[in-house]
Amino acid sequence: MDRLLKLFGDLGGFWQGLNPPQRIAATSIGLIAAGTLALLVNLASRPQYTTLYSDLSPSDAQEMVEQLRTRQVPFELTHAGTAIHVPLERVYDLRLELAAQGLPSAGPVGFEIFNDSGLGLTPFQEKVRYRRALEGELSRTVSQIAAIESARVHINIPDRAVFRREQTRASAAVVVKLRSGRTLGPSKAAGIGHMIAAAVEGLEADQVTLLDTNGRLLSRPSSNEEDGLAVAVFDAQRVIEKTLASRAQRLLDAALGQGRSVVTVSAVIDRKRIEENEDRINPDETAVLSEQRTEEERSEPVPIASGVPGTQSNVPGAPGASATTGQPSTETITRETLNFEITRTKSHTVIPMGGLQRLSVAVLVDGTYTVPELPAGAEETQPAPPVYEPRSAEELGQITQIVQRAVGFDGERGDQIAVQNLQFRSPLEDVGAGTSLPLWRSPEFFLLLPSVARTLALLGGILMVIFFVLRPALKQLAMANVLTANTGGREGEGETGRLEVPKQAELLIPLSKDDARMAANTMRQWLRE
């Protein structure tokens, strides 16, 4: 407490010893120093802002700003009002709260347009609202693709015609905005067309036009189905190559270690689509097609001759001839009809594109590394570099068999495989479990770097104000005060008729040689008095 009172007393005495110009200068310096310190403290204590939402539409930005003002949350608008920044510690809570309010909106309006449908709508208005809702829902779905930032879908659904020949086909147009550095391949473009065609009644995939915001045509209406099949074949080829290579790579990594091998697979895919109609007839093989059988039975009486033997009695109709009837005669007739058919085989075979024709597998394997042993009694001053040793033919044979089993190697199909043992340029060594990253490469360092930089900047600003503003100003004021106190009255003239220079001034002037302007002002003030 005594030191504090003494400090205030010294400051009061110092202030009383200053003349009015010096007091004005001291007050100005104090205000400047206080303002600078306040500015530095404000910058240091200012909350760190981060992006709440970006690429907002004007309507969404306006609604979100009103919500933030209602909640009394500080915010900043950047990027021409399309991005909003808020304090870092509140960004996640605000996102949840704004999402509960339906902000930002999900883009174009969807089927929620029917939530508050009014009365008295005409059929035409209902049709327009349905089309608008369908376009909005499809736009939202297309925007979910990773490479697409936003999308707009336009659908043309014609009215049903009375006659089929007068019916026009439905069509659609899609405009997508791709994310920075992303592209949309032919397969994805075709997938978007098929998705929209499946969602709209009467729309076919060949009637969907897709282009980006730069005007590049990504897909066009086409009635040729082979174009889509060709694109699918290329995609299937890449999938086959990637799948087989990763399957073999996993086995080699487990056997040899990470980074000790590289596997590349090249697949040859059949790009021809074949349709076959076959009709075979085998004359050696017959089959009963139908069978018909008929039986007929007839019965007739048989005459027996009688009377006087001789010619006259045997002549029919002659006198004296007579005949008697014996047992009747029975006759059975059987008719059978067989219809035979020759064996016939009909087949229709369709061989689609994408059949695997041949595989080519290349495997590059690193050798082994051993550390040479030190001679007996020798001290290890520096670890010796490891010595490379190529793998044996037996090991290469085992590696070849492993890869063949992994990729489904078929020699009769014409598959080829090559396994080479070469020394890698930068062999990877196993990292020890206790090894840690240096501080300057750790993720925590980059997280703490902004806070540390702000603290150091604040301390540096305070030190600069103290050493380059306050200290020189106080030193100058103290020097001027001492000089004024020591030269308060005029000295008598000497024998030469000149003013005698006080000894205090002689002592103070050498101290001011580093500042010529200050020394000149001191001398001028002393001569004036």
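**Sheets, cores and a buried serine**

Mentor: Three strands make an open sheet in the order 8-13-16, with mixed pairing. Strands here are DSSP E runs of at least two residues and helices are H or I runs of at least four, numbered from the N terminus. Two strands pair if DSSP finds at least two bridges between them.

Mentor: Before going on, note that this is a predicted model: local features need pLDDT of at least 70, side-chain atom pairs count only at pLDDT 80 or more, and totals for chains, interfaces and linings use all residues. Residues are numbered from 1 along each chain as its sequence is written, and side-chain values use heavy atoms, with hydrogens and water left out.

Trainee: Which strands stand at the edges of that sheet?

Mentor: Strand 8 (261–269) and strand 16 (416–421) do; each has a single partner strand, so one side of each has no neighbour in the sheet. Neighbouring strands are turned by 10° against each other on average, direction ignored. Axes are lines fitted to C-alpha atoms, for helices over the stretch in contact, and angles run from 0 to 180 degrees between N-to-C directions.

Trainee: How many bridges join strand 13 to strand 16?

Mentor: Six, and strand 13 (residues 356–365) runs parallel to strand 16. Leucine 364, for instance, has glutamine 420 in strand 16 as its bridge partner.

Trainee: Which helix packs on the sheet?

Mentor: Helix 9 (residues 393–407), which touches strand 8, strand 13 and strand 16. The direction of helix 9 makes about 145° with that of strand 16. Contact means heavy atoms within 4.5 Å.

Trainee: Switching to the open sheet of four strands, what is its order?

Mentor: The order is 4-5-6-7, again an open sheet with mixed pairing. Strand 4 and strand 7 (217–219) are at the edges with a single partner strand each, so one side of each is left without a neighbour in the sheet. The twist averages 25° from one strand to the next.

Trainee: How do strand 4 and strand 5 pair, parallel or antiparallel?

Mentor: Antiparallel, over eight bridges. Serine 150 stands opposite lysine 177 in strand 5. Helix 5 packs on this sheet through strand 4 and strand 5, at about 150° to the direction of strand 4. Helix 6 lies across strand 4, strand 5, strand 6 and strand 7, and runs at about 135° to strand 6.

Trainee: And the largest nonpolar core, how many residues does it have?

Mentor: It has 21, and Ile148, Val176, Ile196 and Leu203 have the most contacts inside it. Helix 5 (123–143), strand 4 (148–156), strand 5 (171–178), helix 6 (186–199) and strand 6 (208–212) each supply at least two of its residues. A nonpolar core is a set of buried Ala, Val, Leu, Ile, Met, Phe, Trp, Tyr and Cys residues joined through side-chain atoms within 4.5 Å. Buried means under 20% relative accessible area, exposed over 50%, partly exposed in between (1.4 Å probe, protein chains only).

Trainee: What is isoleucine 196 in contact with?

Mentor: Leaving aside neighbours within four places in sequence, isoleucine 196 contacts Leu138, Val142, Val153, Ala172, Val174, Leu203 and Val208. Apart from this core lies another, of 20 residues, including Leu252 and Val419.

Trainee: Is serine 139 buried or exposed?

Mentor: Serine 139 is in helix 5 and counts as buried, at 2% relative accessibility. Beyond its neighbours within four places in sequence, serine 139 is in contact with Pro108, Ala151, Arg152 and Val153.
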